Amino acid sequence: MRRANVLSGAALAVFGLLMLIFVIPAQIDQGPPGMMSPRLVPSLMMGLTTVLAVLLCATNLRSVEDDDGPISRAELLALGKFGVLFAVAYAGYALIGPLAAGVVILLGGLLMLGERRPLYLVLLPVVVLGGTYLLFYRLLGTPIL
Amino acid sequence: MSILKRRHVLARLASFAMAGSLMATPALADDHYPDRPITMLVGYNAGGQTDLVGRAAAKVMSEELGQPINVVNRPGAGGAVAARELQQAKPDGYTIMFHANTVVNTAPFLMKRVQFTPDDFEWAGFITAYQAGLVTQKESPFDDLDGFVAWAKENPGFSYGSLSPAARMTMNEIAKKEGLDVNIVPLNGGGEMINAVLGNQVVLALSGGIHSKYPDQMKMVAALTTFRHPSDPDVKTIDEFGYELAMDTRAGLYLPKGTPEDIVQTLSDALAKAQTDPTFKQVTGSASIPIMYLDADKAKQEMVSTFGKHGQIFRNAGVEPQ
Amino acid sequence: MTQLIGGFLDVLNLSTLVWIAVGVTVGYVLGVLPGLGKATGVAVSIPLTFYLGPVAAIAMLIGIAKGSTAGSAVSAILLNTPGEPSSAPTALDGYPLARQGKAQKALKMGLFASVIGDFLSTLILICLAAPLAQYALLIGPVELCAILVFSLTFIGGLSGKSLTKGLIAGALGIFFATVGLETETFIPRMTFDLLELDDGIPLVPMAIGMLAVAEMAIQAGNMRALDMEMAQIADSGNPDDRRVTRDEWRRCAVPILRGTLIGSVIGILPGLGASVASFLSYGATRKASDDPDSFGTGRIEGVAAAESADNAVVPSSLVPLFALGIPGSVIAAILIAAFVLHGLTPGPLMFEQNPRMVAAVYAAMLCASLLMLVIGYFGQSLFAQVIKVPMRLIIPPVLFLCCIGAYMESGSVFAIWIMLFFTVFGFFAKKLDFSFVTFLIGYVIGPSIELTFRQSLQILDHKWTNLLVHPIALVFIVLTAVTLVLLARAQTTGKNARTKPRPTGAEPQPSTQGRNR
């Protein structure tokens with residue numbers, strides 16, 4: 001956790017400074033006089049984040065206690081897989097339609113997570129998509145797409 | 001119904017699939033319009049006042065046209081998100097939008113990123129108007145705007161509830177002319193406005209029309225429209241008080257630019273039927289929303305004239321788009 | 001009272017009861033499904049109620065609201081994916097319980113707490129709507145600002161192990177909440193010229209990404225360990241682990257009643273909401289407990305406290321609507337539309353013009369509470385089986401439902417991008433132990449504090465001495481100061497206590513990392 005704390009503290013401090021110096025001045029106008037500046041609260045929060053992040057960095061640099069990193073390789077891999085899955089699903093949505101995106105998420109998700117039994121690969125997407133259709137279009141009468 | 005629904009789904013899938021390739025093709029006039037369901041965008045959340053009127057109008061028009069009209073809420077930026085989506089839709093009459101006309105005749109003067117003009121859309125008519133006004137508690141010591149100004153001169157530092165930069169501008173103009181000392185309290189939405197007035201947090205507030213539901217607790221001191229409100233005909237308009245700040249807001253049908261004229265006319269005629277429809281009257285009546293139908297031609301004129309007029313009012317007041 | 005009996009006569013017929021049951025069931029199912037919640041549920045059901053009579057329509061919508069609030073506990077407990085932010089504290093202790101093989105117990109306690117909170121809060125609505133609402137009007141921006149600051153300090157105690165990280169999370173929450181048009185000046189803040197961001201980052205897709213999708217990614221990474229663990233403990237042999245024992249009832253009675261009270265009060269006040277109520281109730285129960293550090297490892301009181309408050313908000317948020325015609329919550333705002341559609345104008349006049357109708361709605365709400373108990377009880381034994389299903393079959397449908405839930409909020413793909421952004425954010429926040437609880441609270445309360453502060457400045461005419469005419473605000477300012485002192489003292493004594501070894505007999509921590517968060 002120590003290394004992770006130092007790294008996340010450093011990252012947050014950089015993020016806070018970037019926001020304070022570049023993004024907030026560029027993205028938020030100063031506002032008319034006589035009112036609380038619209039920049040006040042975002043700047044305060046980023047200032048607070050930066051200070052605390054530096055503090056987090058500093059206390060952990062000095063501490064000697066150490067153990068395994070908090071994020072396992074498998075978890076990062078899963079997050080990456082999710083990214084790929086949603087990217088393919090979006091391509092399906094843009095090129096073919098929402099139904100394709102649904103199939104990609106369900107079928108692709110199953111394949112990605114290691115399901116190989118054909119019965120489940122067919123049944124689950126059919127049941128979920130069919131159930132969604134029944135719930136929204138039939139029971140509630142609201143077309144959601 | 002089930003076949004229609006299924007066809008609707010298929011049609012949507014097909015239109016999603018082909019949207020890219022067909023976007024650029026100019027629409028051809030269609031003798032059989034409408035022969036499939038129509039999508040009606042509403043730029044506010046489901047359940048709001050405009051959404052409700054839009055849904056009621058959709059019901060009447062759907063019966064008239066013989067095709068279902070599916071109401072789809074696309075909230076965001078006071079309707080600008082929905083309007084932008086409408087601009088990108090095919091001008092074939094199958095994507096329409098029901099919304100307040102403020103997106104075109106007010107928002108561009110307040111928001112830098114919204115730059116619509118009346119020429120960006122076709123207008124198939126307006127059906128209702130918003131009864132905006134300056135409201136106060138029933139027991140307030142003044143009854144009209146002149147009385148309020150006299151009271152305010154005696155009570156500097158009073159609070160005024162503002163829902164938007166337009167509401168702020170209205171009070172600032174009055175204060176400038178009369179030399180009033182006002183604290184403008186920002187409010188977030190109509191519900192909060194009612195709260196602030198009933199809870200005596202503010203002395204005066206600008207209401208978009210919701211106040212007519214509280215006749216026993218609130219009264220209007222001036223109408224902010226060019227006409228006197230049908231539900232409150234005794235209250236003078238702000239122009240009658242000599243301030244020239246009246247701005248009308250109406251709700252009606254926007255169509256994408258380039259929609260064929262006969263389709264505009266068909267939709268305009270279908271919308272006209274709402275004037276006499278009992279369900280529509282019940283929906284608007286229970287919320288005191290006046291039905292003021294303008295057909296396609298009048299709607300276009302209304303847009304052009306209010307666009308110019310409102311722009312002038314905001315420029316005179318020195319309001320810059322943010 | 002006679003009116004209420006008349007109301008029951010109007011409601012106790014087959015067709016109305018069936019519609020209430022349909023509403024509760026649909027709501028319960030929507031709530032159980034991760035990603036879908038009460039606001040979407042009620043909004044999508046409005047068109048359906050066009051075809052119903054007024055009592056049936058309104059009863060059905062209220063049934064959906066109540067059912068989904070109770071149902072959202074199920075996915076929070078079983079999958080650690082609260083469908084709505086207000087159920088996030090339920091997951092804190094409910095999910096560890098489920099991993100210990102006590103899913104049925106946690107689910108039942110969640111349901112009972114929900115029904116009790118809901119029923120009592122409905123009674124409060126019936127008896128006190130008119131007088132309470134008058135008092136609620138006394139709570140203006142100045143008072144609200146003081147109450148919000150008090151809530152924030154109080155809930156701040158929930159921030160988890162590291163105070164520094166908790167504060168960072170809270171600051172980030174407030175920061176993200178400032179995106180969009182600022183209410184006073186209408187100046188856009190960090191919208192990057194995207195019109196979609198004008199109304200701010202929408203809460204629902206953000207919460208779905210952080211709470212549900214990120215959790216699914218973590219569980220996908222630990223899939224094998226989770227499934228193996230489950231195979232060993234899914235069937236707890238001890239019948240006491242499947243029901244709520246008398247001893248637990250005794251321990252939970254106070255948290256439930258406290259949760260109900262907190263939920264009812266928060267519901268009546270304008271501008272707060274279910275998330276504040278459930279977090280506040282959870283925090284209060286933890287503070288009042290003899291062993292606050294054991295919360296988060298599977299304390300049944302945590303589930304009871306969060307759920308009772310979460311559900312108590314629904315009826316009491318209708319108090320301002322019924323008595324004054326002011327919507328106290330999103331649900332209430334949507335209900336206004338339904339009322340108006342059926343020729344009823346919510347507000348004091350409603351009681352004079354349509355007393356019978358109001359009584360019928362009350363009766364329907366009480367019926368909905370009881371139906372919720374029945375439907376939830378039988379539904380749960382079904383849903384509890386989910387825990388035996390291997391993760392690889394659960395994750396894809398959950399991802400699919402999350403997409404639908406996010407999409408429906410604004411009807412645009414943009415919401416899905418928001419969801420994915422906060423998935424990554426939530427993933428790292430969870431793994432690095434930046435409390436997402438304080439992040440969400442900062443997100444929900446932060447902007448209200450800013451707005452009420454701006455409003456207060458104007459109302460007080462920029463003079464602090466004017467605070468003296470706002471005694472309620474003064475009380476809360478004093479309370480905040482007291483809480484701060486107590487928190488500081490607890491922090492020092494808490495550190496000493498933590499160095500002592502844990503009492504034996506405490507539940508073993510689940511072996512996989514990061515899941516009791």
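This is a predicted model: local features need pLDDT of at least 70, side-chain atom pairs count only at pLDDT 80 or more; totals for chains, interfaces and linings use all residues.
Chain A is divided into two parts, with domain 1 spanning residues 2–62 and domain 2 spanning residues 73–139. The C-alpha centres of domain 1 of chain A and domain 2 of chain A are separated by 38 Å.

The contact between chain A and chain C draws 50 residues from chain A and 45 residues from chain C. On the side of chain A that touches chain C, two or more residues are given by each of the helices α1 (2–27), α2 (40–62), α3 (73–95), α4 (98–112) and α5 (118–139) of chain A. Of these elements, α2(A) provides the largest share, with 10 residues. When the side of chain A that touches chain C is sorted by residue class, it comprises 36 nonpolar, 11 polar and three charged residues.

Within chain C, attention turns to a pair of helices. Two packed helices are described by the angle between their axes and the distance between the axes. For helix α2 (residues 14–32) of chain C and helix α4 (residues 54–79) of chain C, the axes come within 6 Å and cross at roughly 30°. Because angles under 35 degrees count as roughly parallel, α2(C) and α4(C) are described as roughly parallel to each other. The crossing of α2(C) and α4(C) is right-handed, and the contact of α2(C) with α4(C) contains, by class, 18 nonpolar, 13 polar and one charged residues.

Backbone geometry in chain C was examined next. Most residues other than glycine have a negative phi.

M190(C) counts as buried, because 20 C-beta neighbours are found inside 10 Å and the cut-off for a buried residue is 20 or more. F192(C), by contrast, counts as exposed, since 10 C-beta neighbours lie inside 10 Å and a residue is exposed if that number is 12 or fewer.

Technical notes
Residues are numbered from 1 along each chain as its sequence is written. Chains are lettered from A and ligands numbered from 1 in the order in which they are written. Domain bounds come from an automatic or database domain assignment. Axes are lines fitted to C-alpha atoms, for helices over the stretch in contact, and angles run from 0 to 180 degrees between N-to-C directions. Helices (H or I, at least four residues) and strands (E, at least two) are DSSP runs, numbered from the N terminus. Angles under 35 degrees count as roughly parallel, over 145 as roughly antiparallel, 65 to 115 as roughly perpendicular and the rest as oblique. A crossing is left-handed if the near helix is turned anticlockwise from the far one by less than a right angle, and right-handed if clockwise. Ala, Val, Leu, Ile, Met, Phe, Trp, Tyr, Cys and Pro count as nonpolar, Asp, Glu, Lys and Arg as charged, and the others, Gly among them, as polar. Two residues are in contact if their C-beta atoms, placed from the backbone, lie within 7 Å.
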